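Here's a friendly tour of one protein model. Have a look at it first, and then we'll start with its pocket.

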Amino acid sequence: MAHPPGAALLVIDMQNGFVDSDGSVARRGAPMPEAARVVAETSELLAAARGAAMPVVYTAHVLDPDYFDAPARIVRRGVLNREEQALVRGTWDAAIADELKPHAGDRLVEKNRYDAFLYTELEQVLRALGVGRLLVCGVATNVCVESTVRSAEQRDFAVTVASDCTSGPAGYHDAALAAMAYVAADVVPWRQGLEALTAA
């Protein structure tokens, strides 16, 4: 299937809860490896993408205060902490990290599942923007990034993953990048990916 010519940057779940040292994931004892470096690289990527007039679309994993809309398995395993209001819509924990805040004209899609296309308007937003190619960054590499990338490929988007703008638990991150490269996406450093998309 022919891809529409447009390209967009898709920023997955770069929220305080995931990437800040005071976020709920770090407080649970499972901080994203090299989170500060990934945030800094992503900040540079965002500036370069905007400079190239590339649309930017964010996702944010947000939940109701009672976790009514959270997957049952996640709740049972205690991954989310009700007392801390982890990833609850409207809280600091659920907000996009300050260094990466959306600008006017960017789009933000809220989700409550790993796959950012599932039960959301993400595909509608991308189609309305005339996008057929995606440069993807975010967290966690092996969970929401990989789930979304696989889903995008199945919807006939051409996907590139910015390997230096992703983070996931040690032991899973590299395996997820390899799996995506095998079946669903080009996996390259962000400068190489952005150059290829803007030159096409």
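## The largest pocket

The largest pocket has 24 lining residues, and F18, R28, V79, Y114 and V143 are the ones nearest its centre. (A pocket here is an open set of points on a 1 Å grid over the protein atoms alone, where a 1.4 Å probe fits, with protein on both sides within 12 Å along at least five of seven lines; lining residues have an atom within 4 Å of a point.) Its volume comes to about 520 Å³, counted as the space filled by probe spheres set on the points, which are joined across faces, edges and corners.

Who supplies the lining? Helix α6 gives the largest share, three residues, and the elements that give two or more are α2 (24–27) and α6. By class, the lining has 19 nonpolar, three polar and two charged residues. (Ala, Val, Leu, Ile, Met, Phe, Trp, Tyr, Cys and Pro count as nonpolar, Asp, Glu, Lys and Arg as charged, and the others, Gly among them, as polar.)

## About the model

This is a predicted model, where local features need pLDDT of at least 70 and side-chain atom pairs count only at pLDDT 80 or more, while totals for chains, interfaces and linings use all residues. Residues are numbered from 1 along each chain as its sequence is written, and side-chain values use heavy atoms, leaving out hydrogens and water.

## The overall fold

The protein has eight helices and six strands, in the order β-α-α-α-β-α-β-α-β-α-β-α-β-α along the sequence. (Both are DSSP runs numbered from the N terminus: helices are H or I with at least four residues, strands are E with at least two.) Along its principal axes, the C-alpha trace spans about 50 × 35 × 30 Å.

## Helices α6 and α7

Back to α6: this helix (residues 141–154) packs against α7 (residues 173–183) at an angle of about 5 degrees, with the axes 10 Å apart. (Axes are lines fitted to C-alpha atoms over the stretch in contact, and angles run from 0 to 180 degrees between N-to-C directions.) The pair is therefore roughly parallel, a label for angles under 35 degrees.

On the α6 side, the contact (heavy atoms within 4.5 Å) includes V145 and V149, and on the α7 side it includes L177 and M180. By class, this contact has seven nonpolar, three polar and three charged residues.

V139 and A140 are joined by a cis peptide bond, with omega about -20 degrees. A140 sits in the loop between β4 (131–139) and α6.

D13 isn't a glycine, yet its phi is positive, at about 55 degrees. D13 belongs to the loop between β1 (6–12) and α1 (16–19).

Terms used
Angles under 35 degrees count as roughly parallel, over 145 as roughly antiparallel, 65 to 115 as roughly perpendicular and the rest as oblique.
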